[in-house]
Amino acid sequence: MNTLYHISPVGDQALLLTFGHASDMALDAKANARVMALYQALQDQAPSWLIDLVPSLRALLVYYDAQALSYQGLSAEIEAQLAEQINMSDSQEGRQLCLPVCYDEEFALDLASVAQAKGQSEQAVLDMHQASHFKVYMLGFMPGAPYLGGLDPALSLPRRSTPRAVVPAGSVAIASTMGVIYPKQSPGGWHVLGRCPLTFFDPSNQEAPCLLAPGDFIRFQAISRADYDALLADSSGYKVEVQQAVGEAV
Amino acid sequence: MIEIIEPGPLTSVQDRGRWGHQAQGIGPSGVMDARLAQIANALVSAPGDQAVIEFWGMGPSLEATERPVTLAIAGNAQPSSGHPAWQTLTLHPGERLSIGPLRGHAVGYLAFANPLQVPTWLGSQATHIRAGLGGIDGRCLRPGDRIGLQQTSSGALLTRYVDPERALQSQSASQPIRLVAGPQDQDFEAAALQVLASQPYRLTSLCDRMGYRLEGPALKHKVSADIASDGIAMGSVQVPANGQPIVLLAERQTTGGYTKIATVVSCDLPRLVQKVPGSEVRFSWVSVEEAQAAALADAQALEQLCAQLPLRMDMTTASLLAANLISGVVSGE
């Protein structure tokens, strides 16, 4: 795979690699797949100059120790790694996760308005949501909050004209061409379709405070209100990972 | 152990931040002025990255309990308790330190010879106040907070002091803040890059640990201020559609969807951070190579400054006695 890229300094301590152009707001599966490939490669190699990595929709921010490696040195290193990946296929390895969602009326705050806006039945909207192959394009906005690419284009619509002051924790929502999950209660302008009883950010778990990681593949599966309540009370037995799979970039 | 009597408006435990978790949306937070925090630690012969107490505008009042506490204030304060800033101090049990307001700069530090006993979360003791994470329950200090100190050294430290003008870089305070262009400088009209480095900007009152909002001539985008969200570094100069720059700092979000015209050179961040609202700031452009050379030279000079802080012999006891006699602050618990 090959995508045009641009390397820029971000001050004296970081570098930004952008695939395509930053002002191109369209989700770009290939660009994100390239971000994830380099992110995972650098994470695995853990070179001594590496301080932190921030993968995003079409860019990778690399914080580095400039006393160990100059900007020119890092640029050359990044270019060499990209050249090695040039023949990589567009398919990508990643965890395949299944997330339970309760679409009950109490949780599906915007289901009716989404169905109306798209001229679909509510059930058709939920079917499309569950049939979408999502991928975690990045985490941001708040700890553990995923931006999910792969929403069925038939569900694409702008954000709510008036954001909600309170979106409950666990809310599963859509807007534009993306999906999102709110790990914590927060204000938000996305269209809420349901709620997931799992914990997406748990600071007491020092090993893995966030349930999701960049590059994960995700499907949503409908559960009953009774199952939701049971999982909310205790989700320790729930196995979120379906299988290690090679997923197509979506 | 210390007990916080009055914390001040924005006082928190910080270190150099929590790195390695931004991919999951967990920002590093950490000290706003890494230079001054390092100097504060040097005054108590502690490692430069040891956790400190950061305060804004007004410093805390606190009391030593149980054992003597060796500490130092880095900040232009004239404590009402009579203790001097900018040097090693020992507080005896029951003795109170009241730091009071900072004069002419924004942020001060309190460093301790013995490390603060604050939980380490994901490798750091830094508080991320906006996210409510790290430090003490993810929050600013409150009256009545009691913080333990690890008894590592045997006390009896030498008294060191630092010239405040050198610590705060007063002589270069009016020098331009250096910027490296990018990552989205090409999304701006060419005139915007000239304007940013030739016209003065002013700090608004909207300045906090997340970022400093500036006001001045608008920086015009070619087409749009919006981008596909990408990572934000300490010192990134973000420009939303109104053209007014925001310098993003310790408690920035990990990612954001506005164009960033430039990034402040790391060794110039302390001079920017220490400006108070209403101050004028001027910028200049440098290449990334110049920025890295400047940062290296600055780090070496700072190491040297910290390693060679002069001793103030035989003064600890005498100055404390004098201070106590004058202000009469020593009291039983």
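Two residues are in contact here when they have heavy atoms within 4.5 Å. The model is a predicted one, where local features need pLDDT of at least 70, side-chain atom pairs count only at pLDDT 80 or more, and totals for chains, interfaces and linings use all residues. Residues are numbered from 1 along each chain as its sequence is written, chains are lettered from A in the order in which they are written, and side-chain values use heavy atoms, without hydrogens and water.

**Exercise 1.** Describe the interface of domain 1 and domain 2 of chain B.

Step 1. Locate the parts. Domain 1 of chain B covers 2–167 and domain 2 covers 170–286; such bounds come from an automatic or database domain assignment. Their centres, taken over C-alpha atoms, lie 28 Å apart.

Step 2. Count the residues. Domain 1 of chain B brings 27 residues into contact with 18 residues of domain 2.

Step 3. Find the area. Buried area is the accessible area (1.4 Å probe) that two parts lose on being put together, summed over both. For these two domains of chain B it is about 1,700 Å², with 53% from carbon and sulfur atoms. On the side of domain 1, M32(B), R130(B) and E165(B) lose the most area, together 35% of what that side buries.

Step 4. Look for a salt bridge, meaning a side-chain nitrogen of Lys or Arg within 4 Å of a carboxyl oxygen of Asp or Glu. The rule finds one across this interface of chain B.

**Exercise 2.** Describe how chain B meets chain A.

Step 1. Count the residues. Chain B gives 45 residues to the contact and chain A gives 46.

Step 2. Find the area. About 3,300 Å² is buried between the two chains, and carbon and sulfur atoms give 59% of it. A23(B), Q24(B) and Q292(B) supply 18% of the area that chain B buries against chain A, more than any other three residues.

Step 3. Between chain B and chain A the count is zero.

**Exercise 3.** Which relative accessibility does A301(B) have, and how is it classed?

Step 1. A301(B) lies in helix α5 (residues 288–307) of chain B; helices (H or I, at least four residues) are DSSP runs, numbered from the N terminus.

Step 2. Apply the classes: buried is under 20% relative accessible area, exposed over 50%, and partly exposed in between (1.4 Å probe, protein chains only). A301(B) is at 43% relative accessibility, so A301(B) counts as partly exposed.

Notes:
Helix = DSSP H or I, 4+ residues; strand = E, 2+ residues; numbered from the N terminus.
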